[in-house]
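Here is a report on a two-chain model. It starts where the chains meet and then takes each chain in turn.

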Amino acid sequence: MQIKAVSREYLEELFNKGERVDGRGFMDYRGIGITPGVIPHAEGSADVTIGNTRVLVGVKMDIGEPMPDKPNEGTLTTSAELLPLANADYEEGPPSPEAIEFARVVDRGIRAAEVIDTEALFIEKDKVWNVYVDIYVLNYDGNLFDAGTLSSVTALLTSRVPKLEGGEIIREGSLPRLKTKGIVTSCTFAKIGNSIVLDPNGNEESFMNARLTVANDKEYIRAMQKGLSGSFTEKEIERLIDASFEKSNLLRSSIESAIKKYKSD
Amino acid sequence: MEKPKLILENGRRLDGRLPNELRPLSIKAGVLKNADGSAYLEWGNNKVLAAVYGPKEVFPKHLADPEKAIVKCRYSMAPFSSLEEHGRAGPNRRAIEISKVTKEVFENVILLGQFPSTEIDIFIEILQSDGGTRSAGITAASVALANSGIPMRDMPYAVAAGKIGNELVLDVNKIEDNYSDADMPVAMSPNLGNVLLLQMDGNLTKDEFSRLIEMVKKAGEKITAIQRQAIFDFYNIKEKGKEANEEAK
């Protein structure tokens, strides 16, 4: 179902009654779909939908150099493409500040939560696996950050590491799984007028004045990013941190059950 | 690489500071002739120049907003600014993100509606860097904006909070940032009490977040005082100069 653009006045009128255009509660997600392994040529992949937002992540690994300050660890590079086919407003060209911020926020969550065991990606002196996480936005309807994190984490958790045989990279056949240490998920909130809602759709995002993303695992906040020109009070942020910890149970179990199903297929 | 001991037995940090202690901060307003407003800031080993141009004609023209001014921001690190290798010219992905979130801080406080169809440019050049440069840049740009006379609802400040081991600290320097357990730059509007910039990575509990925000607000009183003094000094000197001119006549 395509929701037609509505006016800010109508949105705020609904918010004042505690309602949202698509009938959700303020702290509800839209339906979440997670499909790992959709690109067999990639080392790992996942196609994730949150409502009408659809994001595909492919993970590739190549041999390269370590970072100078971490000579014994593999590297992680996260990029995001807001594809022109995903939204009438997206245009070709170099990544926009929005796309760069999106990729870097997803990257920080994965890095801070130590999703990948980068030490296991060491090959020999000056030679490590470089892990590339490429986020492809296929359809935009709000909340790219959470969809991007869900699909990146799922793709990494189902990735396999190529083998090195006589200096050649073997990417097919029976390959070891990428060693991972944790799961991180994020919850993104939009402030529209004075109301704050979880998982804004595209329509809501077009009226939001501030955005807050909280990435966490079971124990810790792992990354946060406030965006746009509006503001939050510290009390609001504290409330949203609580909500993020609560909602992350749902997100984690969505990832886990999708991976379980994928592995049993 | 071996992680250095960042908090010593006596509870002090490598540079002798207490956990909640800021590095020495000084700001001078009105340091560039051509700019409509400017400021030079030194914060520990950080050296930052900020300049404001505008309100001026929008370029390219199609970006103009008939209801309000648009803000452009460029945060940039000089290639010679760090103690490590030569930096690459041009904005990298990190600089583009910092420019974006910095721009958003000032969009919150500038009375944009007073200058429809114009643009306001904020330039932040990090001449020497030692951790916390985005916070230093925001704190300096805030003074440059006030110096330009562009009306603002509040004068934002920023400071990076963090965690080293289990110790919560303020104003993280470069070596601490490299090995810290959490890094959380925050910008706030001191009078309105709003959080305008919040970034964080590492690991923090909610309780630690709340304590860090309190530490930031406490430090904010000092930073705000230094920002205000910079503006005061600028106009004070000007006033005295005017008096001297009158007397000379």
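## Strand pairing between the chains

Ile221(A) stands opposite Leu204(B), a residue of E9(B). The model is a predicted one.

## The wider interface

In total, 26 residues of chain B are in contact with 27 residues of chain A. Three elements of chain B each supply at least two residues of the side that touches chain A: H1, strand E9 (194-204) and helix H4 (206-248). E9(B) gives the most, with eleven residues. By class, this side of chain B has ten nonpolar, nine polar and seven charged residues.

## Chain B: overall build

Chain B has four helices and nine strands. From the N terminus, the order of elements is β-β-β-β-α-β-α-β-β-α-β-β-α.

Along the principal axes, the C-alpha atoms of chain B fill a box of roughly 60 × 50 × 40 Å. Buried residues account for 45% of the 249 residues in chain B. Of the contacts in chain B with a separation of 6 or more, 69% come from residues 24 or more positions apart.

## Chain B: the five-stranded sheet

Chain B holds an open sheet of five strands. The strand order is E1-E2-E3-E5-E4, and the pairing is mixed. Which strands stand at the edges? They are E1 (25-29) and E4 (70-77) of chain B. Each has a single partner strand, so one side of each is left without a neighbour in the sheet. The twist averages 15° from one strand to the next.

The partner of E4(B) is strand E5 of chain B, residues 118-128. Eight bridges join the two, and they run parallel. Within this pairing, Val71(B) has Ile120(B) in E5(B) as its bridge partner. Helix H1 of chain B, residues 93-109, lies across E4 and E5 of chain B. H1(B) runs at about 140° to E4(B). H1 is also among the elements that supply residues to the side of chain B that touches chain A.

## Chain B: an enclosed helix

How many residues of H2(B) are buried? The count is 16 of the 16, so H2(B) is largely enclosed by the rest of the structure. H2(B) covers residues 133-148. At 1.5 Å a residue, its 16 residues should span 22 Å. The end C-alpha atoms are 22 Å apart, which agrees. Gly149(B) follows H2(B) and has a positive phi, near 85°.

## Chain A: overall build

Chain A comes to five helices and twelve strands. Its radius of gyration is 19 Å, close to the 18 Å from the globule rule for 265 residues, so chain A is as compact as a globular protein of that length. The C-alpha atoms of chain A fill a box of roughly 65 × 40 × 35 Å along the principal axes.

Buried residues make up 45% of the 265 residues in chain A. Among contacts in chain A between residues at least 6 apart in sequence, 69% join residues at least 24 apart.

## Chain A: a hairpin and a helix

Strand E9 (residues 185-192) and strand E10 (residues 195-198) of chain A are joined by four bridges and run antiparallel. Phe189(A) has Leu198(A) in E10(A) as its bridge partner. The two strands form a hairpin with two residues between them. In this hairpin, Gly193(A) takes a positive phi near 60°.

Helix H2 of chain A covers residues 97-112. Its 16 residues should span 22 Å at 1.5 Å a residue, and its end C-alpha atoms are 22 Å apart, which agrees. H2(A) is mostly covered, with 13 of its 16 residues buried. Just after H2(A), Glu114(A) takes a positive phi of about 50°.

## Chain A: the setting of Leu157(A)

Leu157(A) lies in helix H3 of chain A, residues 144-157. Why does Leu157(A) count as buried? Because Leu157(A) has 23 C-beta neighbours inside 10 Å, and the cut-off for a buried residue is 20 or more.

Leaving out residues up to four places away in sequence, Leu157(A) touches Thr180(A) and Ile259(A). Leu157(A) and Ile183(A) are 26 residues apart in sequence. In space they are 8.4 Å apart, C-alpha to C-alpha.

Technical notes
Residues are numbered from 1 along each chain as its sequence is written. Chains are lettered from A and ligands numbered from 1 in the order in which they are written. This is a predicted model: local features need pLDDT of at least 70, side-chain atom pairs count only at pLDDT 80 or more; totals for chains, interfaces and linings use all residues. Two strands pair if DSSP finds at least two bridges between them. Axes are lines fitted to C-alpha atoms, for helices over the stretch in contact, and angles run from 0 to 180 degrees between N-to-C directions. Two residues are in contact if their C-beta atoms, placed from the backbone, lie within 7 Å. Ala, Val, Leu, Ile, Met, Phe, Trp, Tyr, Cys and Pro count as nonpolar, Asp, Glu, Lys and Arg as charged, and the others, Gly among them, as polar. The radius of gyration is taken over C-alpha atoms; the globule rule is 2.2 Å times the number of residues to the power 0.38. A residue is buried if 20 or more other C-beta atoms lie within 10 Å of its own, exposed if 12 or fewer, and partly exposed in between; C-beta atoms are placed from the backbone. The expected span of a helix is 1.5 Å times one less than its number of residues.
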